[in-house]
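Hi everyone, thanks for coming. Let me walk you through a structure that may be new to you.

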Amino acid sequence: MATEFDTGLPSVRQIQVLIREQNAVELKLMTGDVFNGIVVWQDAHAICLSVDGQTVTAMRTAIAYVKVAN
């Protein structure tokens with residue numbers, strides 16, 4: 001059974017703003033790995049970043065945090 005993508009959630013809306021504005025972000029995984037890039041897309045299960053010309057897809061359950069890079 002598919003999980004519905006709830007666009008009413010504040011976290012989903014915040015990521016949509018990052019996609020629209022093409023803000024650079026820092027994404028840290030629960031493993032401690034850190035990626036810096038631009039959010040390309042999101043769905044109910046994952047977030048995809050463009051990092052140095054390559055795509056990195058992170059499962060939402062593996063993400064510790066996403067923040068706007070300084």
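Which pattern does the protein chain follow, read along the sequence? The answer is α-β-β-β-β-β, with one helix and five strands. Here helices (H or I, at least four residues) and strands (E, at least two) are DSSP runs, numbered from the N terminus.

The radius of gyration is 12 Å, close to the 11 Å that the globule rule gives for 70 residues, so the protein chain is as compact as a globular protein of that length. That radius is taken over C-alpha atoms, and the rule is 2.2 Å times the number of residues to the power 0.38.

A word on the source: this is a predicted model, where local features need pLDDT of at least 70, side-chain atom pairs count only at pLDDT 80 or more, and totals for chains, interfaces and linings use all residues. Residues are numbered from 1 along each chain as its sequence is written, and side-chain values use heavy atoms, with hydrogens and water left out.

Of the 70 residues, 26% are buried; buried means under 20% relative accessible area, exposed over 50%, and partly exposed in between (1.4 Å probe, protein chains only).

Now, two loop residues. Most residues other than glycine have a negative phi. Q22, in the loop between α1 (10-21) and β1 (24-29), has a positive phi, near 55 degrees. Q22 is partly exposed, at 48% relative accessible area. D52 sits in the loop between β3 (46-51) and β4 (54-59), and its phi is also positive, near 50 degrees. With 78% relative accessibility, D52 counts as exposed.
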